Amino acid sequence: MDVANRKIYLDFNATTPLAEEVLQEITKSLKDDWANPSSGYEPGRKAKQAIEKARCRVADMIAAKSNEIVFTSGGTEANNMVIYTALEHFRRTKNDDQSTLPHFITTTIEHDAILMPLKHLEKQQLIEVSFVPVSKRSGCVDVDDILAAVRPNTCLVTVMLANNETGVVQGVREIVLAIRAWTKKQNVNVADCGNILIHTDAAQAIGKISVDVRYLGVDYLTIVGHKVNRAQVENETEF
């Protein structure tokens, strides 16, 4: 090979090339599992079995249950689904006073798939948002700073597991433990207003470090297939 003309791809945090075995599996599925998986006849049942097999594989990757996996068209849709689910949860369980807006907590280093919808909803005066900065030395958000941002109307805390530009791994588990301990200390009835949902965007962590949803303790976790040599339409959110 001509060294001068050899191309080296170094942007794996953006996306990754499709693995050959993945391409073969997709090609096989397109050929064999083409039927409507909601139908009751044999080709449909076969297609549904293929989907459920994939769902189980994803669940095994993150120590989740297969019925907790929701497939979406991409990481942006998955993150938006979490945000709007939290918004709806607030409206149903916390909003006795219609003048009270739901409050979201996130960091200043999140992916635009989190920051942009939150800023949009804030601009529309539909939510309140606390954008917590990270340490200039470590690149990590301080757990105490997250706790300091919590309000009675807080409905979602979303902190990415690993940053796509710096690679810094955030202390998501520590944040979860601190918020759960704070809620318990407040002696708040979860049914009234005590259930602060917690989400982490683990798109940049999957395939690089261990991602265990049970260990992290989050309510929602987003992973993205195309970050680990899968197709760009293969993305998952664990609920």
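**Entry 1: K28 and D32**

In which helix do K28 and D32 both lie, and how many residues apart are they? I looked this up first. Both sit in helix 1, which covers residues 20–32. They are 4 residues apart, about one turn of the helix. I note here that the model is a predicted one.

Next I checked the side chains. K28 and D32 form a salt bridge, with an N to O distance of 3.6 Å. That passes, because the cut-off is 4 Å between the side-chain nitrogen and the carboxyl oxygen. I also looked up accessibility. K28 has a relative accessible area of 47%, so I log K28 as partly exposed. D32 comes out at 26%, and D32 is partly exposed too.

**Entry 2: E52 and R55**

I moved on to helix 2, residues 42–62. E52 and R55 are 3 residues apart there, which puts about one helical turn between them. Their side chains meet in a salt bridge at 3.2 Å, N to O.

Is R55 buried or exposed? I find R55 buried, at 16% relative accessibility. The limit for buried is under 20%, so R55 falls inside it.

**Entry 3: E88 and R92**

Helix 3 spans residues 75–93. I looked up E88 and R92 in this helix and found them 4 residues apart, again about one helical turn. They form a salt bridge, and the closest N and O atoms are 2.9 Å apart.

I compared the accessibility of the two ends. R92 is exposed, with a relative accessible area of 69%. E88 is partly exposed, with 33%.

I then looked up the total. How many salt bridges does the count come to? The count is 6.

**Entry 4: A205**

I left the charged pairs and turned to a loop residue. Where does A205 lie? I located A205 in the loop between strand 5 (197–201) and helix 8 (213–216). A205 is buried, with a relative accessible area of 1%.

What does A205 touch, leaving out residues up to four places away in sequence? I list L161, A162 and V211.

I also checked A205 against G167. The two are 38 residues apart in sequence. Their C-alpha atoms are 8.7 Å apart in space.

Terms used
Residues numbered from 1 in each chain as written. Predicted model: local features only at pLDDT ≥ 70, side-chain atom pairs only at ≥ 80, totals over all residues. Heavy atoms only, no water. Helix = DSSP H or I, 4+ residues; strand = E, 2+ residues; numbered from the N terminus. Buried < 20%, exposed > 50% of the residue type's maximum accessible area, 1.4 Å probe, protein only. Contact = heavy atoms within 4.5 Å.
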